[in-house]
Amino acid sequence: MKHSSLIKPVLDGEYPMISHGKGVYLYDTDEKEYLDAASGAVTANIGHGVEEIATAMVEQAKQVSFVYRSQFTSEAAEALASKIAAMTDDRYTWSFFVNSGSEATETALKIAIQHWQEKGKPKKNRIISRWMSYHGITLGALSMSGHPLRRERFTAILESYPAVSPPYCYRCPYNLEETSCGLACAADLESAIRRIGPDNVAAFIAEPVIGAAGAAIAPPDGYFPEIKRICEKYEVLFIADEVMTGFGRTGKMLACDHWGVEPDIITFGKGMSGGYTPIAAAVMTDKVIEPILNGSKSIMGGHTFSANPQSCAVSLAVLEYLEKNGIFEKAATAGVYLRNLLDKLASRYSFIGDVRGKGLLIGIEFVKDQKAKEPFPAGIDITNKIIGLAADNGLLLYPAAAGLDGVTGAAIIISPPLSINKREIEELIRRLKNTFSQFAETLLSEPMT
Ligand code: PMP
């Protein structure tokens, strides 16, 4: 091949070329149909090929696609900020728009540090994050990410922000039981803050449901209220990375809403545009922005394409679509239906260790031995074997890391568009069953010791 978009040169063999998509289905140029049970990268939340989004795109392009954020705001950008404020019950009235989840978490980090500078506390500049986390690929975001595989090559130039154990109950870092653990993993944040010194800590960042680095790990119910209490006690800002979970993925607008917890800063991405355009945001409360507005007046951040009217208009159309079609409620109902069918399916296969998650963000962790929770031997890429078999069956799944070291475990995420209906869920299960049965046969014929 003389040219390549360099999107996926790492995949062995032919890389299918996609031609178009409709609803939960994608079609390649050989007319093969894929049920997109991953929403791409947990992104295509309203499904593919929605006409009214295309219309909104064209209408905005006819008006104006680009203005530079330091010269102008635009009707689209203001309408989007106002929509996000309304969708969060006017709790997050300040939005800073960027282009990717990584940029959003980088921006959140900088806002937190700037917040304390403007309050006369410049020493409060450390961030604390958890192991088994993913906050993005740029250097600040990767510094916060407790994802050993993605950090590995760059550790020399990264900050060591991950310092706290994840709430990974399937393999509790403390070998405790969920019912009697006393939330030792939340208490670990308090230890970390004390060790580093509250005067040096700007913020704690966490994904409400751990995505790529843990395959949909939802914490015990008391976890985030306790995290919030600790953050308040030590004057540490709480940043919720809702890039994967925001805008209905877990059946509510924010995943944090499941526990009634209000972060100081929230990052959005992915579902904010459903994949129809690159856009993301760091949004914040009055309390966070006030010292900045009273001080240097502007957030030290931003990119050329920040808040471009084209992306803002598309995102706005997607958020209106979510509301108009009651997608959050649909996702909650579909999540329960899919989860029940997955639990039933899982009971038939000895290599399924755990099914977990919230709403339509569901993880499956694979093990060699169910009782001992023993992972498959290192070096056998179980995740990609299953993902490959699934693709042959016309089913797209999302790969995830698992295991306390984020390396030894094999796992997938199932996260179809939030608009998926009952019939499509049943079709997803049919294709997954074929995939798992074929994988079980492989295990019998070539046991992976
Ligand atoms: N935060 C979370 C929770 C994510 O899941 C991701 C992407 N998987 C990111 C940040 C980074 O987003 P992006 O790939 O758009 O930079």
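Modeller: Let's start with an open sheet of four strands, arranged in the order 1-2-3-13 with mixed pairing. Strand 1 (18-22) and strand 13 (395-396) are at its edges; each has a single partner strand, so one side of each has no neighbour in the sheet. Strands, like helices, are DSSP runs numbered from the N terminus (E, at least two residues, for strands; H or I, at least four, for helices). Strands pair if DSSP finds at least two bridges between them. This is a predicted model, in which local features need pLDDT of at least 70 and side-chain atom pairs count only at pLDDT 80 or more, while totals for chains, interfaces and linings use all residues. Residue numbers start from 1 along each chain as its sequence is written.

Inside the sheet, strand 2 (residues 25-28) runs antiparallel to strand 3 (residues 33-36), and three bridges join them. If you find Leu26, you will see Tyr34 of strand 3 opposite.

Leu26 also leads us to His48, which touches Gly21, Lys22, Gly23 and Leu26 when residues up to four places away in sequence are left out. Here a contact means C-beta atoms, placed from the backbone, within 7 Å. His48 belongs to the loop between helix 1 and helix 2 (51-63). It counts as buried because it has 21 C-beta neighbours inside 10 Å. The cut-offs are 20 or more other C-beta atoms within 10 Å for buried, 12 or fewer for exposed, and anything in between for partly exposed. As a sense of scale, Gly182 is 134 residues from His48 in sequence and 44 Å from it in space, C-alpha to C-alpha.

Now let's step back to the domains. The assignment, which is automatic or from a database, gives domain 1 (18-49 + 326-445) and domain 2 (52-324). Between their C-alpha centres there are 26 Å. Domain 1 brings 36 residues to the contact and domain 2 brings 35. On the side of domain 1 that touches domain 2, at least two residues each come from helix 1 (39-42), helix 11 (327-346), strand 11 (352-358), strand 12 (361-366), strand 14 (398-402) and strand 15 (409-414). That side consists of 21 nonpolar, nine polar and six charged residues. In this scheme, Asp, Glu, Lys and Arg are charged; Ala, Val, Leu, Ile, Met, Phe, Trp, Tyr, Cys and Pro are nonpolar; and the others, Gly among them, are polar.

Strand 11 is largely enclosed by the rest of the structure, because six of its seven residues are buried. It pairs with strand 12 in the antiparallel sense over six bridges, and Gly357 stands opposite Ile362 of strand 12. The two strands make a hairpin with two residues between them, and there Gly359 has a positive phi near 60°.

Strand 8 (residues 237-241) pairs with strand 9 in the parallel sense over three bridges, and Ala240 has Ile266 as its bridge partner. Strand 10 (residues 280-284) pairs with strand 9 in the antiparallel sense over four bridges; here Thr267 has Ala282 as its partner.

In the loop between strand 9 and strand 10 you will find Lys270, a residue other than glycine whose phi is positive, near 25°. With 27 C-beta neighbours inside 10 Å, Lys270 counts as buried. In the loop between helix 8 (223-233) and strand 8 sits Glu235, which is not a glycine either and has a positive phi of about 55°. Glu235 counts as partly exposed because it has 15 C-beta neighbours inside 10 Å.

Our last stop is the ligand. The residues around it number 16, and Ser100, Gly101, Ser102, Gly136 and Val243 come nearest; a residue is near if its C-beta atom, placed from the backbone, lies within 6 Å. Helix 4 (residues 101-118) gives the most to this shell, with three residues. By class, the shell holds six nonpolar, eight polar and two charged residues.

And the confidence? On pLDDT, the predictor's per-residue confidence from 0 to 100, the protein averages 95, and 96% of the residues score at least 70. The model's ipTM is 1.00 and its pTM is 0.97.

Methods: Contact = placed C-beta atoms within 7 Å.
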